[in-house]
Amino acid sequence: MPRAGLTPERLVAAAADLADEAGFEHVTLSALARRFGVKDASLYTHVRSLKDLRTRVALLAGGEMTDRIAEAVEGRAAGRDTLGAFAAAYRAYALEHPGRYAATQIRIDQELVAGSPAMRRTADVTYGMLRAYGLEEPDLTDAVRLLRSTFHGYCALESTGAFGAARDVQASWDRAIDALHALLLNWPREKRTDLDRPRPIR
């Protein structure tokens, strides 16, 4: 019989908290069982495996992060204002919730991504911001990868204290966002060949 009060939602929330406290790599079924004072086997009533648990944490964290970003950009003018708010919310979440943030970096099965409202909203918010720069595919995907790489790399280095120069870290971040904004405004459009152009359905 499942332990009274123990639910998948409570387990995932506890696992997310554990990730922030000890690191995402330390989220295990055994550690979670100890936190609830139950045997490891009892958790399989609620989650299928460690991979399932970590995937659920990733989806939870992704939804939380997207909510924060969406709230930050709501009502802002397109362009530098929105990009800056998006980036600031991303960075704040990454630094405040390192374990949860680490969970958002794992690869998730694409069927789960497609079926997750949180993940769809992430795409809507991100691509919506970039479409305001006049980007279309495949440039949209390229721009998303550039932003993600820049934000992730900066946050990863900042979180470990790797920036040792006297220059203020916030000032460098602001300049990086200015540079990204300028790049997006002047994005080098990919030249499309006749083979790339959409063809009418016959």
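Biologist: How many helices and strands does the protein chain have?
Modeller: The protein chain has nine helices and zero strands. Helices (H or I, at least four residues) and strands (E, at least two) are DSSP runs, numbered from the N terminus. Along the sequence the pattern reads α-α-α-α-α-α-α-α-α. This is a predicted model: local features need pLDDT of at least 70, side-chain atom pairs count only at pLDDT 80 or more, and totals for chains, interfaces and linings use all residues. Residues are numbered from 1 along each chain as its sequence is written, and side-chain values use heavy atoms, with hydrogens and water left out.

Biologist: What does the C-alpha trace span along its principal axes?
Modeller: About 60 × 60 × 30 Å.

Biologist: What share of the residues in the protein chain is buried?
Modeller: Buried means under 20% relative accessible area, exposed over 50%, and partly exposed in between (1.4 Å probe, protein chains only). Here 37% of the 202 residues are buried.

Biologist: How do I check a helix? What span is expected for helix 8?
Modeller: The expected span is 1.5 Å times one less than the number of residues. Helix 8 has 21 residues, and 30 Å is expected. From first C-alpha to last, helix 8 reaches 30 Å. Helix 1 (8-22) agrees as well: its 15 residues should span 21 Å, and its end C-alpha atoms are 21 Å apart.

Biologist: Which residues of helix 8 are buried?
Modeller: An α-helix has 3.6 residues a turn, so residues three or four places apart point the same way. In helix 8 the buried residues are Asp139, Leu140, Ala143, Val144, Leu147, Phe151, Tyr154 and Cys155. They lie on the same side of helix 8 because they cover an arc of only 140° around the axis. That arc is taken from the directions from the helix axis to the C-beta atoms. Arg145 and Ser149 are exposed on the other side.

Biologist: What do the buried residues of helix 8 pack against?
Modeller: Helix 4, helix 7 and helix 9 (169-185). Past helix 8 comes Gly161, with a positive phi near 70°.

Biologist: Which residues are buried in helix 1?
Modeller: Leu11, Val12, Ala14, Ala15, Ala16, Leu18 and Ala19. Their cover includes helix 2 (29-36), helix 3 and helix 5 (98-103). Gly23 follows helix 1, and its phi is positive, near 110°.

Biologist: Now the pockets. What volume has the largest pocket?
Modeller: Rolling a probe the size of a water molecule over the atoms shows where empty space is left. A pocket is an open set of points on a 1 Å grid over the protein atoms alone where a 1.4 Å probe fits, with protein on both sides within 12 Å along at least five of seven lines; lining residues have an atom within 4 Å of a point. Volume is the space filled by probe spheres set on the points, which are joined across faces, edges and corners. The largest pocket has about 1000 Å³.

Biologist: Which residues lie nearest its centre?
Modeller: Of 28 lining residues, Thr104, Met119, Thr122, Val144 and Arg148 do. Helix 7 gives the most to this lining, seven residues.

Biologist: How much space lies in the second largest pocket?
Modeller: About 310 Å³. It is lined by 16 residues, with Asp52, Thr55, Arg56, Leu59 and Leu112 closest to its centre. Helix 3 gives the most to that lining, six residues.

Notes: Contact = heavy atoms within 4.5 Å.
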